[in-house]
Amino acid sequence: MPRDLIRIWFAERVAGHSPELDGEILTRPTLAVFDTGGTLMPVATVRISSDIISAVPITDNSHDLLYAQPGTPVRLRRSPTGRLEITGLSKRAFGAVMRYTLDISTGVVTSGATTDFSTHQVTLGELATATSGGFGETPLAAIAIVNASGTIIGLS
Amino acid sequence: MMREISFAAKQVQDSTTRQFRFQVLIYDVLGSAAPTIAQIVAGSATSAAGFSAFILDVTSFVDPPVNLSEPGDRRASRLTFNLLDTTRSFDPDFGANKRFLQLGQVVRLREGDTNLADADWANTFTGHIRGQVGFVQNRETFEFETRVSAYGRRATPKFLKQTFISRTYGRRIDLGTIVQEIGVQQMMLGSVELSRMPATLGKVTQFLANSIVELTPLEAVDKLLETVGLASDFDGSGILRAYSRDLQRSADKVYADLSLIQSYEVSEAEVEAYNSVSVTGLDKNINLIDQPEQALARATIPVGFWRPTHKVNVVWTNDRSLRARSTNMRILTSVNEGLVGGGIFQFGTESYTQINDFEGEIRVDISLYLATLLTLITATAIVWAAFGDIVVAIGSLTITVGRIAQQTLMTIVFLALSTVSSGQYEIYGLTNIPVYHQLAVVMTKQGVPDYLVHQKQLRNDFLNEQNELLDLARLELIFEEAQAKPRQFEILRQFDLEIGDIVTIPLDAGNVTIWIDSISVTIDREIIPTQRCTGYLVPTV
């Protein structure tokens, strides 16, 4: 598993936003190296609706979460400054977002792109093609994040 | 959809020659033995029914104009008027009629014509006095003026602000039933007050347990009605009704000519209309998400001759909250290990079955062992009985032949009886968590570039199938699209037009169809009032 540096993300607190929201783990939680001092910290890549945020920290004392499988719905808490952290499991998971267009003059509905994400362990075939570097660059047992049309959009 | 009025009233409102009249009644609903608002709405709170002391007809004191506005979009209507008198009767502190001016008393506006029978008049407003009525005593003109504001029933705090928790509804309950129950239990409405609300919405609950938590009654009703494209409103009689937001239905009223219509206006308005609608619901199928395999339970089972089958029930958690699938047993220590198992007998068989998602059963069966043991005991007895008393001399000692055979067998029997064993087992499995999956549909107007998308977001957990989401998204997008084209027209007072009605007006250049969003009217004496209807141009789909 590649050990990314924790990305610092900036978020403004938006008035009226609910302090908690649902998300879905896309990668198995990993220990990531903190920028200073080499501290290890569990993080996961999380899908919130149709957006993906990587390196979301998991709160301490959430032992079960460390073993959560990709696809597990989780609960996220928003800190007063807008940062998110995973606090527990959730009962609500995301499904596909199906898009349609409506021609007002004719009333015809046309179906468009579907937004959805799923994850799986990279297959042997994908090991060679997932990244431009060919075999060796993607580690075995890496998790691939796949969009609705089957294209790999991220590796972890 | 439109308000029901009598044929005679229809004839009057279609005519431009009228003798318009109105009536303002105030009902005391707070005094002892006073009528309830349900009785007023049902029409049973009349003088004939013995309520004359609680009804005050203030029409002759009304100093016009009487202003009635129905702002629509799930907001309460408002009625304001002045009462002018040369006595103090409407003084809220000292007047003879002060009890009629208290907060909460019911005000009703009736409109009709001198040519209409009393029963044919239309109730166009029923609501409660809100706050403190104004009162001015003028020493110069010797007049006492009282200013009254009343709000429609939608503004009732209990309906609008007080949240509630409903009972739990099971599967396949029509949402209309829930609406009716909220009306009866949370809004204390009677059958007449609910008579314009559909009893069934044709859509049922999908989950085993459904409840409405911390919504106000009106929010809950609107949330339920939203699933089929309806919205709630109180009509002029104080009856809770539902109107459709579907702009594709046929017009409720088509005017044949412009004789009643006084003006038509395409109002200049700054509107930021939505051109995309996102609807999020909850999939009715619950999904199970697997977690890594883990040890779920452990059991140690002592076995022996006292019972042929040893069963132990194992649960993953004591409260049976953890669910698992693909469970299997790992034998840490088998009952067959040890003295007997390794020797003469195979002690027993060990098996495991999963009973349900939350528990399993470990079974150690030693009945074969016991059967063998019983056979041995019987054999011993037979041997004992069968062998004759033949004395064999071994030196100076004698011994019966039967006893030698018997003791040999008895040794085995005692050994078997004294043998107990125990097994240790562990159950592994994939735990899984049941989750609700969201369903989402985004409907965007064709030809809108991504950077111009302005999305309205709806979330309704009572929508559980994709086609329901699609239908609602389509309906709402057409509704939102219409909002970009506000229209106004002025028409001679129509008793039957309500918010949510669709009317077609024949302009010289062609017909326009308008969905009415709000209505306001100013009523004067001896003048046919003109009502101003604001709405949206219905797109021709």
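This is a predicted model: local features need pLDDT of at least 70, side-chain atom pairs count only at pLDDT 80 or more; totals for chains, interfaces and linings use all residues.

Me: What is the mean pLDDT of chain B?

Reply: Chain B has a mean pLDDT of 89. Of its residues, 96% reach 70 or more.

Me: Now chain A. How many helices and strands does chain A have?

Reply: Chain A has one helix and twelve strands. Along the sequence the pattern is β-β-β-β-β-β-β-β-β-β-α-β-β.

Me: How much of chain A is buried?

Reply: Buried residues make up 24% of the 156 residues in chain A.

Me: And what share of its contacts link residues 24 or more positions apart?

Reply: Those account for 51% of the chain A contacts with a separation of 6 or more.

Me: Give me one residue to look at. Where is Leu65(A)?

Reply: Leu65(A) sits in the loop between β4 (51-57) and β5 (73-78) of chain A.

Me: Buried or exposed, and why?

Reply: Leu65(A) counts as buried because it has 20 C-beta neighbours inside 10 Å. The cut-off for buried is 20 or more.

Me: Which residues is Leu65(A) in contact with?

Reply: Leave aside neighbours within four places in sequence. Then Leu65(A) is in contact with Pro29(A), Ile58(A), Val74(A) and Ile86(A).

Me: How far is Leu65(A) from Leu89(A)?

Reply: The two are 24 residues apart in sequence. In space they are 7.3 Å apart, C-alpha to C-alpha.

Me: Switching to chain B. What domains is chain B divided into?

Reply: Chain B has domain 1 (7-153), domain 2 (156-245) and domain 3 (285-439). The C-alpha centres of domain 1 and domain 3 of chain B lie 88 Å apart.

Me: Show me a helix there. Which residues of α5(B) are buried?

Reply: Helix α5 of chain B covers residues 175-185. Its buried residues are Leu175(B), Gly176(B), Ile178(B), Val179(B), Gln180(B), Ile182(B) and Gly183(B).

Me: What do the buried residues of α5(B) pack against?

Reply: They pack against α6 (217-226) and β12 (240-244) of chain B.

Me: And α6(B), mostly covered or mostly uncovered?

Reply: α6(B) is mostly covered, with seven of its ten residues buried. Among them are Pro217(B), Leu218(B) and Leu224(B). The buried residues of α6(B) pack against several elements of chain B, including α5, β11 (230-234) and β12.

Me: Now a sheet. What is the strand order in the one with β19(B)?

Reply: The order is β16-β19-β18 in chain B. This is an open sheet of three strands with antiparallel pairing. β16 and β18 of chain B are the edge strands, each pairing on one side only. The twist averages 20° from one strand to the next.

Me: What holds strands together in general?

Reply: Strands of a sheet pair through backbone hydrogen bonds, either parallel or antiparallel.

Me: How many bridges join β19(B) to each neighbour?

Reply: β16(B) and β19(B) pair over seven bridges. β18(B) and β19(B) are also joined by seven bridges. For example, Lys311(B) has Arg363(B) as its bridge partner. Gln354(B) is partnered with Gly360(B), and Glu350(B) stands opposite Val364(B).

Me: What links β18(B) to β19(B)?

Reply: A hairpin does, through two residues.

Me: Which residues form the covered face of β19(B)?

Reply: Gly360(B), Ile362(B) and Val364(B) form the covered face. Glu359(B), Glu361(B), Arg363(B) and Asp365(B) are on the uncovered one.

Me: Last topic: how many residues does each chain put into the contact?

Reply: Chain B puts in 27 residues and chain A 22. On chain B's side, β22(B) gives the most, with twelve residues. By class, that side has 15 nonpolar, seven polar and five charged residues.

Me: Which strand of chain A pairs with β22(B)?

Reply: β7 of chain A, residues 92-93, pairs with β22(B) in the parallel sense over two bridges. There, Ala93(A) has His437(B) as its bridge partner.

Technical notes. Residues are numbered from 1 along each chain as its sequence is written. Chains are lettered from A and ligands numbered from 1 in the order in which they are written. Helices (H or I, at least four residues) and strands (E, at least two) are DSSP runs, numbered from the N terminus. A residue is buried if 20 or more other C-beta atoms lie within 10 Å of its own, exposed if 12 or fewer, and partly exposed in between; C-beta atoms are placed from the backbone. Two residues are in contact if their C-beta atoms, placed from the backbone, lie within 7 Å. Two strands pair if DSSP finds at least two bridges between them. Axes are lines fitted to C-alpha atoms, for helices over the stretch in contact, and angles run from 0 to 180 degrees between N-to-C directions. Ala, Val, Leu, Ile, Met, Phe, Trp, Tyr, Cys and Pro count as nonpolar, Asp, Glu, Lys and Arg as charged, and the others, Gly among them, as polar. pLDDT is the predictor's confidence in each residue, from 0 to 100. Domain bounds come from an automatic or database domain assignment.
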